[in-house]
Amino acid sequence: MRIVVALGGNALLQRGQPMSADAQRANVRKAALALTELASSHDIVVAHGSGPQVGLLALQAAPLKEVPPYPLDVISAESIGMIGYMIEQELANALPPATRLATLLTHIEVEHDDPAFGRPEKPIGPIYAAQEAERARAEHGWPMVEETPGRWRRVVPSPLPKRIVQIEVIRMLVTAKVVTICAGGGGIPVIRKPSGDLQGVEAVIDKDRAAGLLAADLAADAFLMLTDVDAVYLDWGTAQQRLVRRARPDELPAHQFPPGSMGPKVEAACQFAVTPGRIAGIGRLEDARKILEGKAGTTITLG
């Protein structure tokens, strides 16, 4: 079975943890062990998020008044290289020595007139208290959103992914049985100019939407979105919240999910699973195999 696995940025750098290299390395090591269990009997392609990391790099660079701020596409490339390096190294340590691995910085085209550019809603970076959020808004001009009461984060545009520029290269690697880490951070967002040239844009593509496009392009059998939440819940955060263990792709769109987090996961899962024989799963990283078997998390399929 060919499986595209999307690792959530918050699973690799968990909420409340110090945003340090050591903390991230420890989480990546745990992720590698979970992926090794899947790779022992399936062909896997690994995508990953970078929301906390790309926000951290932007925050670190902000005080440098003598240097113009790097644009988000460049910061995305930095974060993707950092996370891809760690994932590849920890997978190499966990998998059999003969395993071949590759990490590919992936350009993903978006439309220049995507309405998301006028409606920032993708949270990135660290969590702020209310006063800290107001200070960041005033100092850097960053839009902020209150994710949960008293917990604020920066938000940026998140246009829809339209085309994976290096998809043929990725197919070559996957066909050659190379464990491929790609479409990291949702890919590096680019537009194609009238001349045909590619140009980076100020945005962060949602990694689940990008990974869903990757899974469809590779004709994967399964698409797993692994995060720090155990499953999809209806009416999350209310007294009426209830777990969804299994659903058809036409059942979940009628419900509301947070636009910057669970919403894109559900949307990507339903789009992928609308094809007969495909399975999409959402749940915790450590439950990867159980999600695939329908014993944990949420699975979405026509069957």
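Trainee: Why is D287 called buried?

Mentor: Set the value against the cut-off. Buried means under 20% relative accessible area, exposed means over 50%, and partly exposed lies in between (1.4 Å probe, protein chains only). D287 has a relative accessible area of 10%, so D287 is buried. Keep in mind that this is a predicted model: local features need pLDDT of at least 70, side-chain atom pairs count only at pLDDT 80 or more, and totals for chains, interfaces and linings use all residues. Residues are numbered from 1 along each chain as its sequence is written, and side-chain values use heavy atoms, with hydrogens and water left out.

Trainee: What makes R284 and D287 a salt bridge?

Mentor: A salt bridge needs a side-chain nitrogen of Lys or Arg within 4 Å of a carboxyl oxygen of Asp or Glu. In R284 and D287 the closest N and O atoms are 3.0 Å apart. That is within 4 Å, so the pair counts.

Trainee: Why is R284 called partly exposed?

Mentor: R284 has 34% relative accessibility, so R284 counts as partly exposed.

Trainee: How do you know that R119 and E121 meet in a salt bridge?

Mentor: Their N to O distance is 3.9 Å. The limit is 4 Å, so this pair passes. R119 is partly exposed at 43% relative accessibility. E121 is partly exposed at 27%.

Trainee: Where do E134 and R137 lie?

Mentor: Both lie in helix 5, residues 130-140. A helix here is a DSSP run of H or I with at least four residues; a strand is a run of E with at least two; both are numbered from the N terminus. E134 and R137 are 3 residues apart, about one turn of the helix. They form a salt bridge, with the closest N and O atoms 3.2 Å apart. E134 has 43% relative accessibility, so E134 counts as partly exposed. R137 counts as partly exposed at 31%.

Trainee: How many salt bridges does a search of the whole structure find?

Mentor: The search finds 19. R25, R29 and E90 are linked in a network of salt bridges.

Trainee: What makes strand 5 and strand 7 a pair?

Mentor: Two strands pair if DSSP finds at least two bridges between them. Strand 5 (residues 122-128) and strand 7 (residues 151-156) have 4 bridges, so they pair, in the antiparallel sense. Y128 stands opposite W152 in strand 7.

Trainee: What do strand 6 and strand 7 form?

Mentor: They form a hairpin with 2 residues between them. Strand 6 (residues 144-148) runs antiparallel to strand 7, joined by 4 bridges. T148 stands opposite R151 in strand 7. In the turn, G150 has a positive phi of about 80 degrees.
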